[in-house]
2 protein chains.
Amino acid sequence: MEAKPITDLSKLCIHTITTRPWCLDDAIGHYAAAGVAGISVWRQAIEGLDPARAGRRIREAGMAVVSLVRGGFYPATEKKDRQRAIDENLRIIDEAAALGAPHVVLVCGAVPGQSLEESRKQIREGIEATLAHAAETGIKLAIEPLHPMYADSRSAVNTLGQANDMAEAIDSPLVGVAVDVYHLWWDPDLERQIRRCGRLGKILAFHICDWKTPTEDLLYDRGLMGEGCIPIRRIRGWVEAAGFAGFNEVEIFSTARWTQDQQQWLQEILRAYREAS
Amino acid sequence: MEAKPITDLSKLCIHTITTRPWCLDDAIGHYAAAGVAGISVWRQAIEGLDPARAGRRIREAGMAVVSLVRGGFYPATEKKDRQRAIDENLRIIDEAAALGAPHVVLVCGAVPGQSLEESRKQIREGIEATLAHAAETGIKLAIEPLHPMYADSRSAVNTLGQANDMAEAIDSPLVGVAVDVYHLWWDPDLERQIRRCGRLGKILAFHICDWKTPTEDLLYDRGLMGEGCIPIRRIRGWVEAAGFAGFNEVEIFSTARWTQDQQQWLQEILRAYREAS
């Protein structure tokens, strides 16, 4: 069943990367003024800043810190590099705690030429190596399956089924999944897999954008909701029916959009959020 | 189990698109001189030519006509456009028969914004509408699942599992599948699905190339075997273990390769075929 149309901005969250030209302060100011309810903070947006102070500023502006994006990238050929990734993820968990983000989104990683099975094993080991610290700080970890076109170098977890398998195998209340329509819309098994993680209370995040035809770039040509072919409202219906009541997070990487006036871009996002999400 | 290394060219087939700058006569001449055993003919390579004559020339040069590429593109919003696609596929079947190709490879199609379920229904109807003519001419139809990054506009069939479902539902000895490593390598279910169609004798074609990191273009940046991350030999092992004894078809779309000297490119293909397939 399709979700009900969106009538207000109370569940709208925007990822800072969506308006990349803005520094964090600008994003906070403009989002809050527009009535946006939450921010997902990309690490590069707080590079060199005090995350605790950044978190306070967001909350003082009346918005929620929805997530810290992104940890992960566990696989590596050398053990010392895998340990470095684990150490980095421990720091990311600290950053999330300081920021006041409930969870970190994980782009799990992959190594070109290493088998996907081996990468998935390393991903699981990497997550498990940070669980104790996640528990100490109360930070959850959201496994985000990435589109199969990123299986070479960005993630060996490419369907929600695989993310669910991994979350269930790790079997920690701290580990769940992030559902991003861009990565998952094509999967004939998607509705069933959303029900599966919903039943376990493991949907930690819901990300929206659109898939344009043609897509000119594998990374930086995501579309605004309504510009493409993704049945966003239908998938939102599945996610909500599965018990998820969190934010609808707009996460759009687009070279073309980043070069336009960002205030105008923000207004287009608000309109598309109401009309096509 | 990995396939045995390749020691000769007796199963090497090249798709004419791989050396796109060459006209069909040049491709026939150069492939045959290099010891290539088979050609898969793209329709644009015989546009304006007599397909029967083209087929004779290929066989006279000592090569097999492995397939005609490509039919399909069944889905459309309007019924008259779906009928037009069916009519075109009937002509393609005639072309394959004239050429002496045993089968047509089907890129099934998709319509941006139309649900993938509806497109798959239209694909099935389209294939079924051509079955009688395929039977009269003895031409088989190979459903080729395409990578999920083409689900918007090129194919609503994106995994071998889906292609198998469709081939089994249509349930005709004329309908099978084409296994292309570029589209399918990432799928955790691939080995099982290859066994499944192998058991039914439905593997009609096996296509090879590689996935480069980074991939600069969604369509025209395929890699030569060995340039990327696809475990080609492992997948070939699965296909052969499933009973497939046909050609290994090199199908590479690459703007960069098409601009290089095609004789040198052909030599690189021969080397990579022996070393990395």
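Q: How many bridges join strand 2 to strand 3 of chain A?
A: This is a predicted model. Five bridges link strand 2 (residues 38-42) with strand 3 (residues 64-72) of chain A. The two strands run parallel.

Q: Which residue of strand 3 is the bridge partner of Trp42(A)?
A: Val69(A) is that partner, in strand 3 of chain A.

Q: What do the eight strands of chain A form?
A: They form a closed barrel, in the order 1-2-3-4-5-6-7-8, with parallel pairing. From one strand to the next, the twist averages 30°.

Q: Where does helix 3 of chain A lie?
A: Helix 3 (residues 79-99) lies across strand 2, strand 3 and strand 4 (103-107) of chain A. Its direction is at about 175° to strand 3 of chain A.

Q: And which strands does helix 5 of chain A lie across?
A: Helix 5 (residues 160-170) lies across strand 5 (140-143) and strand 6 (175-180) of chain A. The angle to strand 6 of chain A is about 170°.

Q: How many residues of chain B are in contact with chain A?
A: 20 residues of chain B contact 20 residues of chain A. The side of chain B that touches chain A has eleven nonpolar residues, eight polar and one charged.

Q: Why do the copies meet through the same surface?
A: Because 100% of the interface residues of chain B are also interface residues in chain A.

Note on methods: Residues numbered from 1 in each chain as written. Chains lettered and ligands numbered in written order. Predicted model: local features only at pLDDT ≥ 70, side-chain atom pairs only at ≥ 80, totals over all residues. Pairing = 2+ DSSP bridges. Helix = DSSP H or I, 4+ residues; strand = E, 2+ residues; numbered from the N terminus. Axes fitted to C-alpha atoms, helices over the stretch in contact; angles between N-to-C directions. Contact = placed C-beta atoms within 7 Å. Nonpolar A, V, L, I, M, F, W, Y, C, P; charged D, E, K, R; others polar.
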